[in-house]
Amino acid sequence: MEYKAHETGWNPWHGCTRISSGCKHCYVYRQDEMYGAAVSSQCRRTSSYDLPIRRRRDGSWKIPSGSVVYTCFTSDFLLEDADPWRQECWNMIRRRSDCFFIFFTKRIDRLAGCLPGDWGEGYDNVMIGCTVENQDRADFRLPIFRALPIKHRAVIAAPLLGPLDIAQYLEGEIEEVSVGGESGAEARWCDFGWVLDIRRQCVEKEVPFCFHQTGAHFIKDGRQYNIPRDHQKSQARKAGIDFRMTENGIPETAGYDALEKNLQINLHDL
Ligand code: SF4
């Protein structure tokens, strides 16, 4: 993942277990295989575990104030294996209220049991993205997601594996719906018609919508296309179908830009 100015990644642990069909070609496994790393299903704490509270020699934070911190993108923040470590992470997130933390999860049903004692209605500096890949997982996860106290929410429909009817879940405070196909040689097909239909639902509910990448195998108007990795984001952008997104890739409704002017949130790189 590449980060822009003010963006950084924090992976306190690495490795994950597959939980639903969206995990079939998980990029964590693919990357680990590519680099011959240890078994991806064995979650382990990383050497960056305490990165948010590390300082440089001059005493300044290693992660500068105002940063957007993409959290736990080589695992799932709510993974069971990480239960003993998570509270310390919440402490760090609370301490760094000058930064904005974003994590995506396929385990939203675990969130209520994983929240810190002072969570209340949610931390101002945390966005949680609920990932759904098909109708079955949307119907399971999104009602749970909507009922939870969270200050900033996104729905991540990726890898999109079929048509989705999520209109009923878009009422309320969803700051963005971000849609993408699957990458990798064995990627499953993503149909542009599914993407457009989700966009229609977002437009009807006035929810910001972003088409962040096509995936490797893409169908448009009944024709099949193989899209090289380097072009998957640019091809999605070329479709020009984002709705209520600024040029910086920030949803118009986002409340988190109050943290710092010019703060750039970019879910497209994920
Ligand atoms: S939850 Fe995410 S990180 Fe974990 S196996 Fe599934 S796709 Fe991979």
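Author: Here is a walk through the sheet, strand by strand and then helix by helix.

A quick word on the ground rules: residues are numbered from 1 along each chain as its sequence is written. This is a predicted model, so to speak of local features we need pLDDT of at least 70, side-chain atom pairs count only at pLDDT 80 or more, and totals for chains, interfaces and linings use all residues.

The chain has 6 helices and 12 strands; these are DSSP runs numbered from the N terminus, with helices being H or I of at least four residues and strands being E of at least two. Seven strands matter here: an open sheet of 7 strands has the order β1-β4-β5-β6-β7-β8-β10, with parallel pairing. Two strands pair if DSSP finds at least two bridges between them. At the edges sit β1 (7–10) and β10 (209–213), each pairing on one side only. Neighbouring strands of this sheet are turned against each other by 25 degrees on average, direction ignored. For angles, axes are lines fitted to C-alpha atoms (for helices, over the stretch in contact), and values run from 0 to 180 degrees between N-to-C directions.

What holds strands together in a sheet? Strands pair through backbone hydrogen bonds, either parallel or antiparallel.

Now zoom in on β5 (residues 100–105) and β6 (residues 126–132): they run parallel and are joined by 5 bridges. Look for T105, which stands opposite C130 in β6.

Next, the helices. Helix α4 (residues 135–147) lies across β6 and β7 (152–157), and runs at about 155 degrees to β6. Helix α5 (residues 192–205) packs on the sheet too, touching β7, β8 (174–180) and β10, and its direction makes about 170 degrees with that of β8. Contact here means that the C-beta atoms of two residues, placed from the backbone, lie within 7 Å.

Let's finish on one residue of α5, W194. Leaving out residues up to four places away in sequence, W194 touches L160, G162, P163 and L164. As for A167, it is 27 residues from W194 in sequence and 13 Å away in space, C-alpha to C-alpha.
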